[in-house]
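Colleague: Could you take me through a few features of a model, giving me the general idea of each reading before turning to the case at hand?

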Amino acid sequence: LKNDGVDSGLPSGFLASLTARMQEEDGLADLALPLMERIAADVRGLERGILDDGLLSCYRATLAIVREKPLAAVIAADGKWLAQSITGAMLERRSMLGALFGVSCFPSDPTVPKLCFQDLTGPSLESDTRTLRMSLQVVQRALKSISTELLKNGDAKEPFFKMVSAACTLNQVRAQQFFPINETNRLVHLLDPQRSEPPQNAPIASSDGFMINLGSVLLQLCEPFMAPNSPHAAKIDATYLLSTHRLQLDKETKLCATADDVMYWLDPRNPDLRQRYLEHMRDEMVEPEPEGTPPLAVSASFGTISEYFFLAMRTLHLGLLSSFTVFNELARHHHMSKNEQDLREGEIARLRQMGGGAPNPLLEQMEAEIAKFREMNAAITRFLHCYQTQLLDPDLLSLALRYYRLVSRWLVAAAEPPPEG
């Protein structure tokens with residue numbers, strides 16, 4: 001399976017024939033589930049992570065499996081698809097596709113930056129960055145191909161959307177104000193447990209890599225209707241934001257509306273809601289809607305375009321944008337640490353000049369501290385390069401900018417619909 005599509009792979013049609021036979025014998029689960037578990041174990045066991053030569057074969061094998069619709073259906077229906085996860089970290093660690101979506105060059109494991117950026121000099125750094133971005137793009141295209149096969153399968157489509165929804169629901173912590181500070185402290189503690197306090201709690205959020213890879217897949221799914229003249233964008237259903245079938249957004253900040261306003265629009269015949277609505281309109285000095293206005297109808301179901309559009313919006317908020325806040329906090333910490341190093345280097349130079357080269361225990365102690373600062377700052381520099389490589393990937397940023405251009409057009413159209421509706 002890992003060599004599917006190449007000369008050393010399975011014979012053409014072998015997996016399809018095996019799937020048909022196992023389906024007749026009611027043994028699809030015995031075939032599909034162990035294969036997926038083995039692939040996940042192989043991905044997690046790769047010593048070089050995203051740089052490992054064996055990585056692409058794991059995605060190739062997964063794609064071969066999900067192309068067989070009966071196998072994909074069995075996998076998506078199994079309890080391990082989401083693994084009853086109660087945190088984002090658990091979803092990434094235990095779910096069927098968690099390992100595949102978690103591959104990245106982010107410094108979740110401190111060994112990854114050392115492998116990715118062994119030399120911090122100019123030419124080598126540029127070469128390493130290009131190599132990593134090419135590997136990341138291969139991974140994200142492979143994940144998009146796997147996701148597309150699942151979405152084409154009627155039995156796997158809804159489980160896939162539930163996985164994305166779970167990733168959004170279980171990673172709300174990534175949008176909280178203290179998340180970048182806690183994540184930076186955790187990363188620094190990995191480097192030097194003696195110089196920083198250990199995290200009070202184990203990580204409960206999915207990794208930056210998991211969320212950004214998921215966001216990249218959704219951006220690629222949105223790409224066909226990102227063009228300014230795309231007629232498919234008109235199919236985006238704004239009432240998705242008021243529904244609860246996929247996301248719980250009732251606590252999110254609203255533009256030009258309060259929670260009471262929304263409740264009134266959904267139930268304008270309620271006298272208490274009407275009164276609160278009128279009071280708000282009076283305070284804002286805005287003309288209220290006339291009494292008897294029909295309630296806002298929330299659609300009972302939504303098309304794939306609406307699913308892609310709004311799930312991408314939420315995933316990017318919790319993934320890409322959240323990762324930028326971590327990057328900024330890590331850069332701030334690095335700046336402070338570098339200043340500490342510079343101060344100590346200046347002080348030791350002054351003491352040497354005053355001492356005339358005589359042995360001094362204080363100098364030896366300060367030199368040891370400076371050596372630790374240099375080692376720490378070099379490691380943090382590698383962390384920052386890991387973030388820059390993935391967050392500033394031109395292809396990812398271009399796709400994200402085109403998506404947010406679509407969002408801006410949609411917001412304008414929602415505020416002032418065109419004459420044709």
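**Aromatic pairs, a helix residue and a pocket**

Modeller: F106 is buried, and Y387 is buried as well; bear in mind throughout that this is a predicted model.

Colleague: How many aromatic pairs does the structure hold, and what geometry do F106 and Y387 form?

Modeller: The structure holds twelve aromatic pairs. To read one, look at the distance between ring centres and the angle between planes, where an angle over 60 degrees counts as edge-to-face. F106 and Y387 lie 4.8 Å apart centre to centre, with 65 degrees between the planes, and form an edge-to-face pair. This pair links distant parts of the chain, with F106 in the loop between α6 (98-101) and α7 (111-116) and Y387 in helix α16, 281 residues apart.

Colleague: Why is the pair of Y240 and F302 edge-to-face, and where do Y240 and F302 lie?

Modeller: The ring centres of Y240 and F302 are 5.0 Å apart and their planes stand at 70 degrees, so this pair is edge-to-face. Y240 belongs to the loop between α11 (208-222) and α12 (259-266), whereas F302 belongs to the loop between α13 (271-284) and α14 (304-318), so the pair ties together parts that are 62 residues apart in sequence. Both Y240 and F302 are buried, and together with F309, F310, Y403, Y404 and W410 they form one aromatic cluster.

Colleague: How should I read the second largest pocket, and which residues lie nearest its centre?

Modeller: The general idea is that rolling a probe the size of a water molecule over the atoms shows where empty space is left. In this model, the second largest pocket holds about 1300 Å³ of space, and its lining is made of 43 residues, with E92, S108, R186, P203 and S207 nearest the centre. The elements that each give two or more residues to this lining are α2 (28-44), α5 (88-94), α6, α7 and α10 (179-191), and α10 gives the most, with five residues.

Colleague: What is the division of that lining into nonpolar, polar and charged residues?

Modeller: The lining of the second largest pocket divides into 20 nonpolar, twelve polar and eleven charged residues.

How values were computed:
Residues numbered from 1 in each chain as written. Predicted model: local features only at pLDDT ≥ 70, side-chain atom pairs only at ≥ 80, totals over all residues. Heavy atoms only, no water. Phe/Tyr/Trp six-rings, centres within 6.5 Å; stacked < 30°, edge-to-face > 60°. Helix = DSSP H or I, 4+ residues; strand = E, 2+ residues; numbered from the N terminus. Buried < 20%, exposed > 50% of the residue type's maximum accessible area, 1.4 Å probe, protein only. 1 Å grid on protein atoms, 1.4 Å probe; cavity = no way out; pocket = protein on both sides within 12 Å on 5 of 7 lines; lining within 4 Å. Points joined across faces, edges and corners; volume = space filled by probe spheres on them. Nonpolar A, V, L, I, M, F, W, Y, C, P; charged D, E, K, R; others polar.
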